[in-house]
Amino acid sequence: MYKISYTGNGNDTEFVFNFPFFQNADIKVAIDNVVLDDSQYDVNPDNDFNCGLVVFATAPANGVQIDIFRQISLSRVIDYQPTAKIDPEDLNSDFNFLIAALQDIQNIDIDLSQWANTHNNVLYQINYLQGLIEDKLSGGSVLGLYNNLLNVLDQALPNLINDYGSVTETADNEQSDDYGNI
């Protein structure tokens with residue numbers, strides 16, 4: 001688990017953390033082991049989400065323990081469409097997100113009911129992604145697009161053969177065009 005701890009001094013309102021995350025909601029803050037609502041602080045990330053700054057409106061009290069940690073929410077970030085091309089960058093981001101979530105889980109000690117819920121969510125996401133990739137690669141949507149293309153071409157070809165005019169005009173026969181017989 002990525003975590004950094006500070007001791008409040010009653011004056012400082014900004015605290016630096018240096019670990020990767022995906023979105024501001026992944027950064028959590030606890031004071032004396034009580035997790036704060038994210039409206040009680042702001043997260044200012046760097047451009048690459050590799051580090052950032054937690055800013056409080058009011059300085060934490062002197063002597064309190066301030067923990068800044070990453071807790072990735074297991075939710076869909078990218079929505080793959082059934083007939084759209086899968087972007088390799090999006091796919092890599094999804095896998096990086098899952099790996100980071102699993103790393104966080106590996107590094108904390110949770111009870112079995114929490115683990116079962118998390119495990120089921122991760123398993124669902126992995127199975128969904130696997131099914132989507134298999135569908136894209138095995139011909140489900142690709143084969144459907146191919147068949148649709150064949151049907152369109154089958155209907156359009158009689159209008160296109162030797163026809164130099166509008167594609168909606170049917171050629172008299174395959175040996176003629178809009179300018180008379182060849």
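1. Phe49 is partly exposed, with a relative accessible area of 27%. For the cut-offs, buried is under 20% relative accessible area, exposed is over 50%, and partly exposed lies in between (1.4 Å probe, protein chains only). Bear in mind that this is a predicted model, where local features need pLDDT of at least 70, side-chain atom pairs count only at pLDDT 80 or more, and totals for chains, interfaces and linings use all residues. Residues are numbered from 1 along each chain as its sequence is written, and side-chain values use heavy atoms, with hydrogens and water left out.

2. Staying with Phe49: its phi is near 60°, a positive value in a residue other than glycine. Most residues other than glycine have a negative phi. Phe49 sits in the loop between β5 (41-45) and β6 (52-56), and that hairpin has six residues between the strands. Strands here are DSSP runs (E, at least two residues), numbered from the N terminus.

3. Asn33 is the other one to look at. It has a positive phi of about 65° without being a glycine, and its place is the loop between β3 (27-31) and β4 (34-35). Asn33 is exposed, at a relative accessible area of 63%.

4. Now the sheet with β5 and β6 in it. Three strands make an open sheet, ordered β2-β6-β5, with antiparallel pairing. β2 (14-17) and β5 are at the edges with a single partner strand each, so one side of each has no neighbour in the sheet. On average, neighbouring strands of this sheet are turned by 20° against each other, direction ignored; the axes behind such angles are lines fitted to C-alpha atoms, and angles run from 0 to 180 degrees between N-to-C directions.

5. How many bridges hold β2 and β6 together? There are four, in the antiparallel sense, and Glu14 has Val55 in β6 as its bridge partner. β5 and β6 pair antiparallel over five bridges, with Asn44 opposite Leu53 in β6. Two strands count as paired if DSSP finds at least two bridges between them.

6. Last, β7 (residues 65-70). Five of its six residues are buried, so this strand is largely enclosed by the rest of the structure. Strand β1 (residues 3-7) runs antiparallel to β7 and is joined to it by five bridges; Thr7 stands opposite Gln65 in β7. β3 also pairs with β7 in the antiparallel sense, over five bridges, and there Ala30 has Asp67 as its bridge partner.
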